[in-house]
2 protein chains.
Amino acid sequence: MELHRFYSSLAIRNDRKIVVLLIDGLGGLSHEDYGYKTELEYANHPNLDRLASRGATGMLTPVLPGVTPGSGPAHLALFGVDPITFNIGRGVLEALGIDMVPDPTDVLARGNFCTVDDQGVIIDRRAGRISTHTSEERLSLLRDIRVPGCDIELHAVRDHRFVLRLRGTDLDGDIDNTDPGTVGAKPMRAVALNPRAEATASLVNAFVDQALDRLKGPSAANALVLRGFSMLPNIPSFHELYGLRSAALAIYPMYKGLARAVGMDILNSGDDFTDQLRTLETHWEGYDYFFIHYKYTDSCGEDGNFLSKVNHIETLDSLIGPLVSLEPAVLAVTGDHSTPAALKSHSWHPVPLLLVSSTCRRDGSTAFTESVCARGGLGALESKYLMGLLLAHALRLEKFGA
Amino acid sequence: MELHRFYSSLAIRNDRKIVVLLIDGLGGLSHEDYGYKTELEYANHPNLDRLASRGATGMLTPVLPGVTPGSGPAHLALFGVDPITFNIGRGVLEALGIDMVPDPTDVLARGNFCTVDDQGVIIDRRAGRISTHTSEERLSLLRDIRVPGCDIELHAVRDHRFVLRLRGTDLDGDIDNTDPGTVGAKPMRAVALNPRAEATASLVNAFVDQALDRLKGPSAANALVLRGFSMLPNIPSFHELYGLRSAALAIYPMYKGLARAVGMDILNSGDDFTDQLRTLETHWEGYDYFFIHYKYTDSCGEDGNFLSKVNHIETLDSLIGPLVSLEPAVLAVTGDHSTPAALKSHSWHPVPLLLVSSTCRRDGSTAFTESVCARGGLGALESKYLMGLLLAHALRLEKFGA
């Protein structure tokens, strides 16, 4: 049985509230410039430490040991969905991120405008990072392209990025990228990765042929490539599965999209963490489960800026008072994955987890750091099991078996 | 491959003895009245601590993170059987508990006598907790009920409880409870949960119709409800799988039944732990694997009595001398699940595990507590892997692969 359906089979309802504070890219890596401490070990975060001493800690492995996750699998796992079985493709993720509501029969792809030379060879994969406005203008050239067998929609995202949506019956998204992923090569033909997707690949090629023809000319955006062909995974909502009225407090579109994939309401959360917590207070009575997404730690990690990541951890720590004051029945603080400044990228390292609840077995943790969490009483577990732990600590799972 | 068959494929025989001392409901929860210690952390158990210093510790997750197990899944897991694939239904469990030996083709259900009013609405779900004797008298009114298509047996359990056994061919136990689970409702019709069980559901209803007719009248036990329809899971015996001559030393029927489900001999173990250890000494040469079930810790946890659970842990500790003196090649001390006094129920919290063997990698554990075990060298593992660890430490598993 799928994990979420197993947990669902045990779910019962009550009024205990669950809050997940997700610090994006939280996990770090020992940095030789900072006494071989991680960002979290180097930062001062007395409030998180105090929470640790009232709860229990552990370590989450986002997907499997050694596997560095993208945001999609990392979040789905935290939402209790097996991230290998239910991967969300880039196309669907982009669509969700711009507030599209795809149908399960749609195929979605992420499109990039690019610049090609006279031979059709890509010389700039981002078309000089044209503005969203220019991108809109170029898309308007393509909107009346007709391909018998499906309807086509094009949606600008940001800069040179857009979403291609194919609507029809019997479409299949198992199609390889047309993006060669490098300059010096031509955009590729869409190729079906299994026989069922051959018809859809033909539709894509019919569209691309016409589009490339129309885009020819002096514009920097004189070609396009597609990648991340995908369809919406069939994931039931938190409400269907667990009877949870759930809400996401995220600022960036992608995280809103991921939360929407499991049926969360997306609340207007302002521009920063203080705004997010204000939204939390406002909507406190209306929901059972809140997902708060804190982005900045990940961005600093990607930039390789150790001290900036430290600062953002300290800022978050200084601001969590209102969240703690709401006294959720279960509060989890964790990350979706590690983004060590030392690596300037997502990584596979396990992510510290802190759980605070009256039903926690206190484990003597006195700080919230990787080294403490690695010895914590919750042990090491895959992220996909967090949902079960949250429900259990909220007394929302009944006994399994007689 | 099923886990037990995988371990079985590696099993070899020798004369090294394995003892599992199962302390029911062993795991506890930090209790604010006792310095946020658990029962095991609060108790004095110098003998268990001494064993810990000679062995290695770890933590067992009974089923999956967050999942609170009933006794059935919790024990099957400790016996090396995946508890999700091979769940034992309540009907089978009750039957095993009263020394019945069901056939794999039987359907079993737990029955309760109840009291209904003139309209057939349940007003007492336990029929005033009639005596087992009264229950027997009421069952005798039903024993000559005949239903074409199966043989029917009725066995008294205790008080208002009995077991219904359907014997026949092509029976299927996937049938919903007739017990509405509440007063103020009528007993329900038996409904098949899949098409294969429809014929069996009809047989059940044919029996129930006649039974309700015969039970009418002034007795408190003037109706019955059924639940936990189930069939024996198809689990090979320890002897078939591992060549282990195995014996259970349990006092309560249900645990004898669970041990019988994996083919253990059930030894007459007297009335208390001292009797159980005496039985162990008597039968020491006759078996390779002993399962000793210590019940009282669970009962105190269910009662919410922290100090009584502490006392029972201390009592056990003071009495284990004879067990240690037998010097089993492998001794495991653990629980089937947690039953924290703070929750007055089974819980999902991992269970401390202590393994003592000359083949243990000593991990520096100096005590047997949740906080020590959470940092122990055996790490955190699902209970279903314990069987493999026991066999391995007894050098009863050969190398896998070339």
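A salt bridge here is a side-chain nitrogen of Lys or Arg within 4 Å of a carboxyl oxygen of Asp or Glu. B:Asp106 and B:Arg165 form one, with their closest N and O atoms 2.7 Å apart. This is a predicted model, in which local features need pLDDT of at least 70, side-chain atom pairs count only at pLDDT 80 or more, and totals for chains, interfaces and linings use all residues. Residues are numbered from 1 along each chain as its sequence is written, chains are lettered from A and ligands numbered from 1 in the order in which they are written, and side-chain values use heavy atoms, with hydrogens and water left out.

**Salt bridges**

- Over all chains, the structure holds 48 salt bridges.
- B:Asp106 lies in the loop between helix 5 (90–97) and strand 3 (107–116) of chain B, and B:Arg165 in strand 6 (residues 161–167) of chain B, so their bridge ties together parts 59 residues apart in sequence. Helices (H or I, at least four residues) and strands (E, at least two) are DSSP runs, numbered from the N terminus.
- B:Asp106 is buried at 1% relative accessibility, and B:Arg165 is buried at 7%. Buried means under 20% relative accessible area, exposed over 50%, and partly exposed in between (1.4 Å probe, protein chains only).
- In chain A, a network of salt bridges links A:Asp103, A:Asp106, A:Glu153, A:Arg165 and A:Arg167.
- A:Arg143 meets A:Glu136 in a salt bridge (3.6 Å, N to O). A:Arg143 is partly exposed at 35%, and A:Glu136 is partly exposed at 35%.
- A:Arg161 bridges to A:Asp159 (3.9 Å, N to O). A:Arg161 is buried at 17%, while A:Asp159 is partly exposed at 21%.

**Aromatic rings**

- The whole structure has 28 aromatic pairs over all chains. Rings of Phe, Tyr and Trp (its six-membered ring) pair if their centres lie within 6.5 Å; planes under 30 degrees apart count as stacked, over 60 as edge-to-face and the rest as tilted.
- A:Phe79 and A:Phe291 pair edge-to-face, at 5.1 Å centre to centre and 85° between the planes. A:Phe79 sits in the loop between helix 4 (71–78) and helix 5 (90–97) of chain A, and A:Phe291 in strand 10 (residues 289–294) of chain A, so the pair ties together parts 212 residues apart in sequence.
- Both A:Phe79 and A:Phe291 are buried.
- A:Trp284 and A:Phe290 are stacked, at 5.3 Å centre to centre and 10° between the planes. Both A:Trp284 and A:Phe290 are buried.
- The charged end of A:Lys17 sits over the ring of A:Trp284, 5.7 Å from its centre. That label needs NZ of Lys or CZ of Arg within 6 Å of the ring centre and within 35 degrees of the ring normal.

**Interface of chain A and chain B**

- The contact (heavy atoms within 4.5 Å) takes 25 residues from chain A and 33 residues from chain B.
- The two chains bury about 2,300 Å² between them, 62% of it on carbon and sulfur atoms. Buried area is the accessible area (1.4 Å probe) that two parts lose on being put together, summed over both.
- In chain A, A:Arg361, A:Phe400 and A:Ala402 lose the most area to chain B, together 37% of what that side buries.
- The charged end of A:Arg362 sits over the ring of B:Tyr36, 3.5 Å from its centre.
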